2 protein chains.
Amino acid sequence: MTTLSRDPERHAKRMARKQELMRARIANAQNEQGLLLVLTGPGKGKSSSGFGMLARALGHGMKTGVVQFIKGAFQTGEEAFFRQQVGVDYHVMGEGYTWETKSLERDIAAAEAAWKITQSMLRDPTYEFILLDELNIALRYNYLDLEQVLDDIHNRPSHQHVIVTGRNAPSALVELADTVTEMTVVKHAFKDQGIKAQKGIEL
Amino acid sequence: MTTLSRDPERHAKRMARKQELMRARIANAQNEQGLLLVLTGPGKGKSSSGFGMLARALGHGMKTGVVQFIKGAFQTGEEAFFRQQVGVDYHVMGEGYTWETKSLERDIAAAEAAWKITQSMLRDPTYEFILLDELNIALRYNYLDLEQVLDDIHNRPSHQHVIVTGRNAPSALVELADTVTEMTVVKHAFKDQGIKAQKGIEL
């Protein structure tokens, strides 16, 4: 992970390869193919949508991986649920770290360790579905090298589905993605009135 | 189920009761309370988000119910997955029906039968989380009496979460909801190029 800036040459190379892949995909439109989906925007439902797709993938007997790029050790409902399922390789960023130091270096180290786990999945064709929950947050804070992340996602086995969630998806990721959904807030009645997050809905 | 038109008196009554409930909720902002969430719009991720929240609820050990208001007998990944979980009461509209007749009467009968199951959940305080997948579609086609649906949802036990998914949520449902998210399509690269729906993502 050397640079945080955009690299025009790698970008051009990726886009050229993407064009090739798209041609091949269109030629084989009825074949199975791995999609890159991005779920972003300020509305509710990004992560839960990713976890719903995970449930679908498990329903089809796929081998799946989850890496949650969220800081902290709080146990969420989805973590409790999916950790006990067969066919899910579940990781949370910061496992083995304490977050008490509030150190940028430790944040970066934790994100890079989580990305190493992700890389091993992205290079392993036995994984058919990988959920990178809140990866956009880690990218937003420059905890990870965007170019490296894009390359690793792009060079994955062709049948592998990858779902990325989180607000503020980087434009280069949107460009690379097959499908992008933006969740917008139409109404959030209690948001400004101190209603706490509800179990089963937000946690 | 007597009328399909909007009833101003029932609407005014519901809104008055909602105002009361909102005041009580704000006064007890830190208590557990059942939310009505609507996930709508043309983008991907509405149903999968509902199923992700279902996974969360199960992770918290909640008793849950699912009614899918989709026509037909095709087995989806989420159905295969969640039917085998403990704590889920899973129903699909049209169970016991054949869809070969393409008859409006049979569609309405199937929707009404599915709503009867929903009503029994909405009246049973042991259910903590109810997912009404694609209910908006059944409402859109006037298979169900909107006023009845709104009344039943509104009069549920106060701690019960209800999630409604589907395009074109009726405005009266949006009005009644606590939180509404619209999924918008930013990009759907292969939609118009004949790429088939992919297992684990769309099915």
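## Two helices in chain B

Helices α4(B) and α6(B) are roughly parallel to each other, a label for angles under 35 degrees, because their axes cross at roughly 25°. The two axes come within 9 Å. Helix α4 covers residues 104–122 of chain B, and helix α6 covers residues 146–154 of chain B. Axes here are lines fitted to C-alpha atoms over the stretch in contact, with angles from 0 to 180 degrees between N-to-C directions. The crossing of α4(B) past α6(B) is left-handed, that is, the near helix is turned anticlockwise from the far one by less than a right angle.

## Residues where they meet

From α4(B), B:W115, B:Q119 and B:L122 meet B:Q148, B:V149, B:D152 and B:I153 of α6(B). Contact means heavy atoms within 4.5 Å. By class, this contact has four nonpolar, two polar and one charged residues.

## Basis of the model

The model is predicted, with local features needing pLDDT of at least 70 and side-chain atom pairs pLDDT 80 or more, while totals for chains, interfaces and linings use all residues. Residues are numbered from 1 along each chain as written, chains are lettered from A and ligands numbered from 1 in the order written, and side-chain values use heavy atoms, without hydrogens and water.

## Chain A overall

Chain A has seven helices and six strands; helices (H or I, at least four residues) and strands (E, at least two) are DSSP runs. Of its 203 residues, 55% are buried, meaning under 20% relative accessible area with a 1.4 Å probe, protein chains only. Among contacts in chain A with a separation of 6 or more, 78% join residues 24 or more positions apart.

Terms used. Buried means under 20% relative accessible area, exposed over 50%, partly exposed in between (1.4 Å probe, protein chains only). Angles under 35 degrees count as roughly parallel, over 145 as roughly antiparallel, 65 to 115 as roughly perpendicular and the rest as oblique. Ala, Val, Leu, Ile, Met, Phe, Trp, Tyr, Cys and Pro count as nonpolar, Asp, Glu, Lys and Arg as charged, and the others, Gly among them, as polar.
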